[in-house]
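Here's a quick briefing on a protein chain, written for someone just getting started. Have a look at the structure first, then read on.

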Amino acid sequence: LDFRLGRFWQIVSCLSFAVVPLVLALLVGIESNVSGEDQYMPNTMLALSLGGVLSIGNLRWVGLGNLLGPAEHSLDDFAVESGFMEDWQRVSRKRSREVLCLLFFMVACRVGSNLCFQSDVLYGRS
């Protein structure tokens with residue numbers, strides 16, 4: 001999704017959403033290969049970065065930017081014109097609370113498992 005209208009902003013958004021994450025992940029992978037460290041975390045980070053970039057590319061390919069922008073509030077304008085803005089905001093707040101509760105639960109489980117079951121196992125592997 002572009003920051004603003006124009007070719008310059010398309011290039012900036014491509015750099016920030018695609019090129020920079022991949023380059024950083026590759027640099028970490030190369031650095032860990034050179035230093036001879038464990039490859040599990042760099043490879044995981046590289047795979048997650050690649051998945052994120054591919055998903056952003058897929059969203060651009062199917063034209064999600066036409067629905068969300070490039071105008072500032074085109075999706076909001078559509079909701080107001082169609083008459084479901086209040087319902088949409090109510091459902092969105094409810095889903096946001098659900099996602100935040102799930103996030104807090106995941107973090108609490110992780111912290112609890114680290115406090116209760118301390119071990120020398122790296123990255124959850126045996």
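Pro42, Ser49 and Val53 are buried in helix 2 (buried is under 20% relative accessible area, exposed is over 50%, and partly exposed is in between, with a 1.4 Å probe and protein chains only). Looking down the axis of helix 2, those buried residues sit within an arc of 30°, so they line one face (the arc is taken from the directions from the helix axis to the C-beta atoms). Keep in mind that this is a predicted model, where local features need pLDDT of at least 70, side-chain atom pairs count only at pLDDT 80 or more, and totals for chains, interfaces and linings use all residues. Residues are numbered from 1 along each chain as its sequence is written, and side-chain values use heavy atoms, leaving out hydrogens and water.

**More on helix 2**
- Leu48, Leu54 and Trp61 are exposed on the other side of helix 2.
- Helix 1 (7–35) is part of what covers the buried residues of helix 2.

**The whole chain**
- You'll find 5 helices and 0 strands here (DSSP runs numbered from the N terminus: helices are H or I with at least four residues, strands are E with at least two).
- Of the 126 residues in the chain, 9% are buried.

**Leu115**
- Leu115 belongs to helix 5 (residues 85–116).
- Leu115 counts as exposed because its relative accessibility is 61%.

Note on methods. Contact = heavy atoms within 4.5 Å.
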